[in-house]
Amino acid sequence: MDRTIHVHHLSMTYRVPVRQEGLGAALRSLIHRSYRELAAVDAVSFDLFAGEIVGFIGPNGAGKTTTLKMLSGILHPTGGDADILGFQPWKRQPAFLRRIAIIRGSQPIGGPVELTVMDSLRLQQLIYDVDDRAFKRNLGQLNAMLDLRTLLDRQIRALSLGERMRCGLALNLIYRPEVLFLDEPTIGMDASVVETTRQFIAAYCQETAATVLLTSHYMADVERLCRRVILMDKGTVRYDGDLRTLSERLSPYKILRVSLVGAKALDLSSFGEVDEAENGTYDIRVGRRDVPSVTARLLADFPVTDLAVLEPPLDRVIDRAYRTGVA
Amino acid sequence: MTRSLRLIGIYAHRTFLEWMTWRGFLVTLVLGQCVTPVLGFAVWSAALPDASNLSTYYISLLVVQLMTVFQLDHTLANPIYRGTLSHQLVRPHSPILGTLGTCFAERLWFVIIGAPVVGLLVFLSNVPLVVANVLLALPALALAMVVRFLFTLALALTAFWTQQAHGIVAFGATLTFLIGGSAVPILYFPDPLRSVAESSPFSAMLGLPAAIASGSLNRDQVVMGYAWQAVWLAVFLIVTVVVWRSGVRRFTAVGG
Amino acid sequence: MKLLRLSCAIFAMSLKADLAHRSNILFQVLLSLAAAGSSLITVQIIFSRTDHLGGWTLHEAVILFGTFTILGGILLTFVEPNVLWFHQRVIAGQLDEVLVKPAPSLFLLSLGRHAPLGLVQAVIGAVIVAWGISLSGDAFPVWRGLVWLTLLAVAAVITWVTRVLVALISLWVPGLALDVVYDGAWQFGRYPVTMYRQPARFVLTWVLPVAFITTVPARALTRGVSPQLLGASLAFGFVAIMILRLVWMSGLRRYTSATS
Ligand SMILES: Nc1ncnc2c1ncn2[C@@H]1O[C@H](COP(=O)(O)OP(=O)(O)OP(=O)(O)O)[C@@H](O)[C@H]1O
Ligand SMILES: [Mg+2]
């Protein structure tokens with residue numbers, strides 16, 4: 001496989017002005033500002049290969065957005081190196097910028113807001129040198145997947161949050177970037193739009209073999225799209241590998257979901273911790289190794305109508321990882 | 001009445017503190033207001049090098065400008081556009097109190113920032129100031145302030161109907177600058193224009209107090225000036241109240 | 001070349017957007033007409049009391065004011081929409097979008113948005129210049145017109161550079177907005193710089209170069225300029241562009257985006 005992104009000891013230290021409370025301090029800061037160094041990203045290294053969709057997760061303030069900004073050339077790192085498609089991002093060579101896109105849920109569309117969506121697309125075509133045939137073809141596809149028809153002649157100023165995101169995707173994918181940085185792309189979307197967006201991202205990558213680094217606080221996004229995750233915390237990489245392995249490592253238990261005949265409440269705590277119980281269906285936490293034996297005992301002792309072995313919900317696993325760290 | 005005054009005081013106090021953060025910007029605003037009098041002075045002292053009390057006139061005019069200018073296009077029209085005026089409409093008193101409070105805060109800031117500028121100019125130019133003339137001009141200054149406030153308020157309230165309120169207020173300011181005695185001192189207007197300018201509201205809002213303070217008017221002219229100020233005060237008071245009432249009615253009807 | 005195509009596209013699209021609001025156009029026309037008309041009356045009044053203003057006669061002052069109006073229109077159309085309240089865009093991290101596009105960032109940043117209605121003012125300015133020429137009653141040689149046009153282009157460049165430089169200050173001093181100050185300084189261009197006393201004249205020539213923006217082009221049309229002054233103006237414009245590029249590049253290094 002081709003390596004498209006190579007990141008080596010990438011670091012970003014912000015200098016943030018600090019000021020104590022009170023008027024005196026305010027006046028002093030006019031003359032002499034004091035700063036504090038904030039290591040937002042600290043010697044991060046990883047590689048991404050062509051066609052991979054990698055989840056980039058971590059608690060608030062972990063340094064994800066900062067990393068994405070460096071990789072897309074917006075920020076000049078204070079240390080380390082990165083190589084994307086053979087370019088150093090912060091040199092911002094046009095040939096590089098034409099092949100990447102960064103799409104952020106917090107500001108999906110930049111540029112003049114009084115233009116219509118179609119005009120903005122045309123502008124992108126000019127800026128990114130997309131020839132007419134490719135433009136028509138790509139627009140047709142985006143149209144079909146994102147359902148843009150009713151939006152094309154609207155002014156960007158008047159679009160709703162979700163509509164903006166759809167247009168933001170279209171504007172950035174009209175030139176078919178090979179590397180995508182998605183920063184919380186599903187933030188603020190309603191349930192069905194979230195689903196379409198996920199499908200869309202998956203389809204786009206399938207078709208173009210684009211490499212994607214995806215940040216999201218919704219684990220459903222990550223679960224649906226990524227096999228591999230990179231977990232960051234306090235500026236450093238804490239885990240890089242298979243999502244499944246991460247969840248196994250973090251939660252040494254599985255969930256046994258059993259349904260019993262009769263709605264009478266039973267005490268099953270002797271098998272394991274009971275998470276939820278309603279209408280005769282119980283979720284029991286069982287150590288990974290004990291699953292076969294507990295299952296056998298349950299089947300022997302109770303009138304089981306249904307039984308399923310589930311992975312614990314990713315949200316909870318990740319929550320635990322954020323709180324206690326990856327062992 | 002006392003309650004209203006107290007509320008205005010509270011609003012003024014709060015806005016004053018709020019603007020603390022924007023003090024740098026306020027300095028640029030004050031400097032911006034100084035430009036037109038300075039420009040007028042430069043032109044006329046170049047055109048008429050021997051004119052006598054030009055510097056007294058223009059320094060007075062600068063003071064009048066700083067005391068009478070209201071940025072209601074920002075402090076009132078913007079809240080109307082953004083719909084934040086509705087916060088004030090739900091309070092149990094007239095929303096005009098909030099606007100008045102803001103204007104007092106604005107005045108206070110302009111005085112604080114403008115005073116050193118004016119002081120420096122007076123010191124540098126060494127102008128002869130006649131105390132009697134200055135005292136005679138003070139009531140005119142107060143009236144000018146009220147007239148210009150009402151005038152600007154009426155223009156800014158067009159925000160209830162159109163998106164162009166900023167342009168309209170700016171246009172009012174341009175007219176005041178050109179006809180009110182800043183670009184051309186009203187004394188220098190050629191004759192038929194001059195009597196028109198003297199009786200116009202623009203003179204009442206800007207030029208008159210400066211002309212009195214610099215001693216360029218005789219007694220009859222001063223009396224006439226005050227009379228016109230009273231007339232325009234009454235006219236704009238009625239206009240503004242009418243505009244305000246129907247504007248608020250429209251705002252509550254269409255929801256901003 | 002690509003930049004020119006981009007500019008045209010942006011202009012056409014913005015024009016389309018503006019034309020959707022008829023009442024705005026009418027309003028803009030009326031406003032510009034009224035402002036220009038009353039300023040001209042002011043000039044007339046000044047010249048009813050004197051026949052020279054800083055060595056300029058009435059028709060020369062009218063031509064100067066026309067030039068000033070044209071450049072004001074250009075400023076309003078091509079530059080202001082990009083840099084107005086620039087400090088807020090810096091604070092909000094909105095320069096990001098410009099940085100990730102494969103076109104010169106300075107171009108996208110400072111000329112990437114247009115407000116075509118401002119050209120109404122430029123047209124009015126051109127009419128005023130024509131009127132000033134007819135007032136003089138002289139015949140103007142064609143080459144003077146060409147020099148005027150050249151110097152007008154230089155003036156437009158200097159206008160763009162100075163306005164953008166003033167905006168870029170907020171990269172060094174966060175939150176500092178000098179928009180109002182620039183507007184104020186701009187007004188000094190209505191009259192010939194020879195009218196101002198020293199040291200104001202020096203400041204208006206070299207620090208806030210309104211002399212190069214209005215006085216020099218207008219002088220070129222009314223009395224012609226020496227080849228030296230023409231050369232100096234061109235050099236000044238060129239140096240200005242270089243300075244802007246340097247400042248932008250070093251400012252960019254200070255830009256740390258916003259937090260989200
Ligand atoms: N422009 C900036 N200037 C100063 N500090 C910054 C800047 N941008 C980010 N930071 C700080 O750097 C740290 C990392 O921020 P970053 O935005 O990369 O986090 P994140 O992982 O994207 O978090 P979130 O999930 O909340 O989006 C935070 O502590 C943040 O306060
Ligand atoms: Mg983030």
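Student: Okay, ligand 1 to start. Which chains does it lie between?
Tutor: Ligand 1 lies between chains A and C. Keep in mind that the model is predicted.

Student: How many residues surround ligand 1, and which are the closest?
Tutor: It has 17 residues around it. The closest are A:Gly61, A:Lys64, A:Thr65, A:Thr66 and A:His217.

Student: What classes do the residues of that shell belong to?
Tutor: The shell around ligand 1 has nine polar residues, six nonpolar ones and two charged ones.

Student: And which elements of chain A each supply at least two residues of the shell?
Tutor: Those are β1 (3-18), β2 (34-49) and α2 (64-71) of chain A. The element that gives the most is α2(A), with three residues.

Student: How far is an oxygen atom of ligand 1 from an N or O atom in the side chain of A:Lys64?
Tutor: That distance is 2.7 Å. For the side chain of A:Thr66, an oxygen atom of the ligand is 2.6 Å from an N or O atom. The side chain of A:Glu184 also has an N or O atom 3.4 Å from an oxygen atom of ligand 1.

Student: What share of ligand 1 does the protein bury?
Tutor: Taken alone, ligand 1 exposes 640 Å², and the protein buries 80% of that.

Student: Switching topic: how many residues does the contact take from chain B and from chain C?
Tutor: It takes 26 residues from chain B and 26 residues from chain C.

Student: What area do chain B and chain C bury between them?
Tutor: About 2300 Å², with 80% of it on carbon and sulfur atoms.

Student: Which residues in chain B lose the most area to chain C?
Tutor: B:Leu39, B:Val43 and B:Gln164 do, and together they make up 21% of what that side buries.

Student: How many salt bridges does the rule find across that interface?
Tutor: Zero salt bridges turn up between chain B and chain C. The rule does find one residue pair in polar contact there.

Student: Which elements give two or more residues to the side of chain B that touches chain C?
Tutor: Those are α2 (23-47) and α8 (165-179) of chain B. The largest share comes from α2(B), which gives 13 residues.

Student: And what's that side made of, by class?
Tutor: The side of chain B that touches chain C has 21 nonpolar and five polar residues, with no charged residues.

Methods:
Residues numbered from 1 in each chain as written. Chains lettered and ligands numbered in written order. Predicted model: local features only at pLDDT ≥ 70, side-chain atom pairs only at ≥ 80, totals over all residues. Heavy atoms only, no water. Near = heavy atom within 4 Å. Polar contact = N/O pair within 3.5 Å; in protein donor to acceptor, adjacent residues only side chain to side chain. Areas by Shrake-Rupley, 256 points an atom, 1.4 Å probe, with all protein chains shown as cover. Helix = DSSP H or I, 4+ residues; strand = E, 2+ residues; numbered from the N terminus. Nonpolar A, V, L, I, M, F, W, Y, C, P; charged D, E, K, R; others polar. Contact = heavy atoms within 4.5 Å. Buried area = accessible area lost by both parts, 1.4 Å probe. Salt bridge = Lys/Arg side-chain N within 4 Å of Asp/Glu carboxyl O.
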